[in-house]
Amino acid sequence: MSKYLVTGVAGFIGSAVANALLAQGHEVVGIDNMTTGSPENVSSKITFFQADCQDPSLYASKLPKQKYDAIFHIAGQSSGEISFDDPSYDLRTNTESTLHLLKFGLANDCKRFIYASTMSVYGMQPDKEIDESSSTFPLSFYGVGKLASEHYLRLYEQFGMRSTALRLFNVYGTGQNMSNLRQGMVSIFMAMMLKDGKIHVKGSPERYRDFVYIDDVVNAFLLCLERESSAGQAINISGSGRTTVGSLIDKLVQLKGSESSSGKEIPVKFEGSTAGDMHGIYASQQKAEEILGYKPKFTLDSGLKRMYDWAKELKF
Ligand SMILES: NC(=O)c1ccc[n+]([C@@H]2O[C@H](COP(=O)([O-])OP(=O)(O)OC[C@H]3O[C@@H](n4cnc5c(N)ncnc54)[C@H](O)[C@@H]3O)[C@@H](O)[C@H]2O)c1
């Protein structure tokens, strides 16, 4: 049995990773400040600290000073759009927090750090599969902060901290927050469709993304523990390949249509735009496959179906 520190345990991805570690019989110490997380996501088996990762007193006096086998740093403000509201906050919550955790890990004899980075570090890119050697030119404060965190990981390698940054593409799936309409593309559109019977898309249907199901993302985090060669690397974690927003909407509308006896149409409006939005990006999975042995198990159709079956039972 190993002991892991997981941040963001009350959130979508952090709770899924923590639960997978618990299911493998490991011990999990978790942190979350509950800004977007919810208490129901935190398993009673976790030793939980409701605290802010940017708060130095957390490391000085609250967290147990014990050896962690790895730190999974997943907490974060996770929206490019929201990062424009208060860039200084974004820097503190996403980047300064990373520095605190790296330092805390080293001071407590932890040599392994796995970080939830993002496709947003790439920014504007040509219409082709993006590999990890592509240029990084973030378009949001969020992307800038995540890229800075990746560089801090790199600098801490010299002190013996072996780190992996997983550049997550658009993650979706069961457990995603369906009430937060500023975070997550699939969850926003699915929630609008189920709650209001219509979808408003800010931006063009020609934009494209690469959607990855939560179970595949969890698997990628776990694979980092097994594959020592992932240390010192930034690795894309993606799923569906190039998928336009228009085709995502079509799939969602079809899912609703397939079970609706009324045959009611879902009106879809494309209007407005979002600050810092990228026109399009999709990933090469080659490095993930070579280093982690990662291969997504979910297609977009199977992932959407599973999420839809879960979401339609929720009370909005
Ligand atoms: N969901 C995606 O598509 C996606 C894509 C790329 C990267 N990521 C990254 O993955 C991570 C998790 O994203 P998510 O989708 O689960 O979002 P989420 O909002 O569901 O989870 C983030 C969790 O972190 C907590 N948190 C935020 N700031 C904190 C802080 N300073 N201290 C302690 N807790 C804090 C929140 O309360 C929340 O529970 C984020 O770092 C995000 O940037 C997500």
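Biologist: Leaving aside its neighbours within four places in sequence, which residues is P138 in contact with, and what makes them contacts?
Modeller: In this predicted model, P138 touches S120, V121, Y122, G123, G143, V144 and L147. Contact here requires heavy atoms within 4.5 Å, so each of these residues has a heavy atom within that distance of P138.

Biologist: Where does P138 lie?
Modeller: The residue sits in the loop between β5 (112–118) and α5 (141–157).

Biologist: Why is the pair E81 and R182 called a salt bridge?
Modeller: The cut-off is 4 Å between a side-chain nitrogen of Lys or Arg and a carboxyl oxygen of Asp or Glu. For E81 and R182 the N to O distance is 3.7 Å, so the pair qualifies.

Biologist: What makes E81 and R182 a link between distant parts of the chain?
Modeller: They are 101 residues apart, with E81 in helix α3 (residues 80–83) and R182 in the loop between β7 and α6 (185–196). The structure holds 18 salt bridges.

Biologist: How many salt bridges are counted between domain 1 and domain 2?
Modeller: Two.

Biologist: How do you know that R306 forms a salt bridge with D215?
Modeller: Their closest N and O atoms are 3.6 Å apart, and the limit is 4 Å, therefore the pair counts. The rule for polar contacts finds one residue pair across the interface of the two domains. On the side of domain 1 that touches domain 2, β7 (170–172) and β10 (211–213) are the elements that give two or more residues. The residues of that side comprise six nonpolar, four polar and two charged.

Biologist: Which segments make up domain 1 and domain 2?
Modeller: Domain 1 takes 3–172 + 210–239 + 282–296, and domain 2 takes 185–207 + 243–280 + 302–311. Their centres, over C-alpha atoms, are separated by 27 Å. Contact involves twelve residues of domain 1 and 14 residues of domain 2. About 1200 Å² is buried between the domains, 69% of it on carbon and sulfur atoms.

Biologist: How many helices and strands does the protein chain have?
Modeller: There are ten helices and 13 strands.

Conventions. Residues numbered from 1 in each chain as written. Predicted model: local features only at pLDDT ≥ 70, side-chain atom pairs only at ≥ 80, totals over all residues. Heavy atoms only, no water. Domains from an automatic or database assignment. Buried area = accessible area lost by both parts, 1.4 Å probe. Polar contact = N/O pair within 3.5 Å; in protein donor to acceptor, adjacent residues only side chain to side chain. Helix = DSSP H or I, 4+ residues; strand = E, 2+ residues; numbered from the N terminus. Nonpolar A, V, L, I, M, F, W, Y, C, P; charged D, E, K, R; others polar.
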